[in-house]
Every structure is written in structure tokens, then in C-alpha cells.
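Hi,

Here is the structure I promised to pass on.

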Amino acid sequence: MIKRILEPLIKRYLSIFGGLLITGAKDVGKTEISKFFSKMIWKLDDAETYDIVKNDYRKILEGKQPILIDEWQLIPSVWNTVRNEIDRINKTGLFILTGSSSLLDKNIINKLHSGAGRLCKIKMYTLTATEIGFSKKNISFQDLFKGNLKIKKIYNSYTFKNYVELLCKGGRPRVVDKTCTNAMISNAGYLDEISELSDKVTGIQQNSFLKVVSSLARNISQDVTYETLSKDSGLINDVVYKYYEYCKKIFIIEPLETWNVHLRSSASLRVKPKIHFSDTSIAVTAIKGTVEKFIEEPKDFGLFFEDLVIHDLRAYVSISNDFISYYRDSQGLEIDCIIEKRDGSWIAIEVKTNDDDLIEHAANNLKLLLDKLPLKKQSMNKGLYIITTKNISYTREDGINVISFADLWFDIDDFKIA
């Protein structure tokens, strides 16, 4: 089994809470990682198991703990049964629930009592560069917050094509050992399956759903309005809004919110979230992208690469218990990523390809951001970074670090949670 960066967090939380609820997109590995920590498994998507539990909810309480209840939302009453049992036993590490309540009817959700203090919710992402084995493991995510990071020149052998294949292939565990071509065929089947399921479960029209997903993919890593998506997809605003919200519910997209920070300049902050996908390969599939098309038209690659980087950073942030956002103000200054710790310390990250002019522009933007912040907030900055597809990582003369994405990784052995 692939070692997942989520493992230490699950272990930690099982020692704190009575149960865990692990959510995330379909096919990210929720069941597999939960099996590793469980001593008894109830798979509710199995017809026989479903009938047993449906006839007697308390059956799920039988067996050694932790007890895994996979796809718990198929029998929503399981939630209250588990919650009551945690209250009764008053111990930690009793249950792991996988699945999502996102598709449940609102009337059912209202009948589910809060699991606050009993069950902890964890979101799982598709595989990162660390887990896939793409990363050369030269610079850890944790290093970025140590302050005054100085990088002696580090070289790697990755080419532009390696990065294109990485984002086209995606991070679903079932494609990790496939060729890029076969993985992309699997990804197309995955998107078709989701769209068909959406039609059956919610009545959402499959063709309209795919139009909206394609439009979102064409606007990846951008802050767009419903009006823009409407014109692009050919659907009315109300339909676009409905499907946009649905894509969030089933973890197709995960918009990135703006940084809420006080400015000392006259600029005002913008508040529209940027479109990001739960896995970049879904966006590639939606626009019928290929490795060859990206190589022939590399200008289209940049926004997809930004999405790929944000995906990994978001996964790392979910483990370290930090906050991730982006910055944009009324004067047109935009910074692709801000990561802030609970103590207020923060780092700023720009994401660029290997174009030297783009990297220089990004460095200037990072310095402009510092100038716009109050002195106290400036003093809490732990680093300014540019993540690129270059095959070299180094520290510039102005102190800004240029990091090859291939060198960045999450050090599980250095795991710490706030």
C-alpha cells in the first residue's frame, strides 16, 4: 500500500476523538487507508451487508474497535447510532466512517445530531508528488516556515514533458502504476462515471454537468463570475450556479478563498474565490487535453500547473493544520498562494513555469505584497517563494527562493500539528 501523508494525522486523531469521519472525492483511497487502522469492517455498499445493517442498526457496534463503516451515508441513521455509542463508552478510537453526507437530502441532514467533540472530520486528497514518488525530496514543506531559508543550487533531471505527464495522469491511487496513456483513459471513465451517477442520484442532466465542468476547466486557477461561466458553457446563470455548487459538494472542485488581511495601502481586497480542482487530471480530461497538446501549446500549461501545485500545498496544509488562500487587490496585484499558521506567521508563494521573465515578475509581485502590509504583519513573514518547473532550486540575491516543484515534499517524519 502507498504510504499516505494522512496516516500520522489519523493516528493522532484516533487517540483524541471517539471517531473519525474521512471525506473526499470518490476514489482517493479513503477506504484503503481506513482499513489499515481498523479491526472490523462494515461495507455498506455491499448488498448483503447493507441488508443486515438496515434491519438492525446496532449490528455495526459488533466487533473489535476501531470499527470501519464504509459508505455510511447509504444508511444515514448509522450516524446517530455511532454518536450515541461514543457517548456511552466514552473512549477514543472507536469508529472510522468513510463517505460523505454531501448528497444527503437536507431533511435527513437536519435529523443527524452534531458529532462535535465526538467525531473529527478529515478530508483526504488524491496522491501528492510526495506520495507518488515524483518528488526528489530535497526541500520539505516544513522547511518553508523555518525562516531565512537559504538554498544552495540543487539540480534535477525532470523535463517539461515530465510535468505535463504528471498533471495529465493525476493522483488517483488506481492509476499510479499505469502508463500516462492508460491513466488518461481511466480518468475519462472516472469523469463519465461521476456524471452518470450525478444524473441518477440528483436528476442533474449529464450533458449540462459536463458542460459546466469543462467551463470550469477552461477557467482553472482564475476567479470568474457565474456570468462568465454561463457565456462559456452556453447555460443560463441559475443552471451554472446549481452545477457549480454540486461540483463543490462532490469534491470535483475546491475553490481557493482570498486572504483576509489588513492592508496599509489604499488598495482594497478582492473576495472572489479562484477555481481549483480536487485533482488537475479531472480538468485535463474535461477539456480533452493531451500530453501532445500541452507540449504544442505550452502557454495553456501554466494555469494547470498552478492548479497542480495548489493541490499538493492544500493537502500538506490539511495535515499541518494551517490556512491556505490567495491574495488579490483592487490595484491588480495577485499572489497565487498564501499559507498562514495559527500564530499568524505566513509565507507567500507564486507559481510559474520555467520562463525567466515570469519568474522575475513573480519576484517583484512578492516584494510589492510586503510593502502593502503593516509592519507587524511584514515581520511575521517566514519566506517568499516561487515554485517552478525549472530543473533547479536556488536562493536569489534578494532572498526570494526559487524552488523546483520536483524538489518539494512533505516530510512525514517531521510531522507536527498546531
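This is a predicted model: local features need pLDDT of at least 70, side-chain atom pairs count only at pLDDT 80 or more; totals for chains, interfaces and linings use all residues.

Residues are numbered from 1 along each chain as its sequence is written, and side-chain values use heavy atoms, with hydrogens and water left out. Helices (H or I, at least four residues) and strands (E, at least two) are DSSP runs, numbered from the N terminus.

Start with the sheet. It is an open one of seven strands, ordered E7-E12-E13-E11-E10-E9-E8, with mixed pairing; two strands pair if DSSP finds at least two bridges between them. At the edges sit strand E7 (154–155) and strand E8 (323–328), each pairing on one side only. Inside the sheet, strand E9 (residues 334–340) and strand E10 (residues 346–351) run antiparallel and are joined by four bridges.

Helix H14 (residues 301–320) lies across E8, E9, E10 and strand E11 (381–388), and runs at about 10° to E9. Helix H15 (residues 356–372) lies across E8, E9, E10, E11 and strand E13 (401–404), at about 160° to E11. Axes here are lines fitted to C-alpha atoms, for helices over the stretch in contact, and angles run from 0 to 180 degrees between N-to-C directions.

Helix H1 (residues 7–14) is mostly covered, with six of its eight residues buried (under 20% relative accessible area with a 1.4 Å probe, protein chains only; exposed is over 50%, partly exposed in between). Those buried residues are Glu 7, Pro 8, Leu 9, Ile 10, Tyr 13 and Leu 14. They pack against strand E1 (19–24), helix H2 (30–37), E4, strand E5 (119–124) and H14, where contact means heavy atoms within 4.5 Å.

Next, a helix pair. The axes of helix H9 (residues 206–218) and helix H10 (residues 226–233) come within 9 Å and cross at roughly 115°. On the H9 side, Lys 211, Ser 215, Leu 216 and Arg 218 meet Leu 229, Asp 232 and Ser 233 in H10.

Now the single residues. Most residues other than glycine have a negative phi, and most peptide bonds are trans. Against that background:

- The peptide bond from Gln 65 to Pro 66 is cis, with omega near 5°; Pro 66 is in the loop between helix H3 (47–55) and strand E3 (67–70).
- Asn 90 has a positive phi, near 60°, and lies in the loop between helix H4 (78–89) and strand E4 (95–98). Its relative accessible area is 66%, so Asn 90 counts as exposed.
- Asn 148 also has a positive phi, near 55°, and belongs to the loop between E6 and E7. With 71% relative accessible area, Asn 148 is exposed.

What about Gln 142, buried or exposed? Gln 142 is in the loop between strand E6 (139–140) and E7, and counts as buried because its relative accessibility is 15%. A polar atom of its side chain lies 2.7 Å from the backbone oxygen of Asp 411.

Cheers

How values were computed
A polar contact is a pair of N or O atoms within 3.5 Å; within protein, one must be able to donate a hydrogen and the other to accept it, and residues adjacent in sequence count only if both atoms are side-chain atoms.
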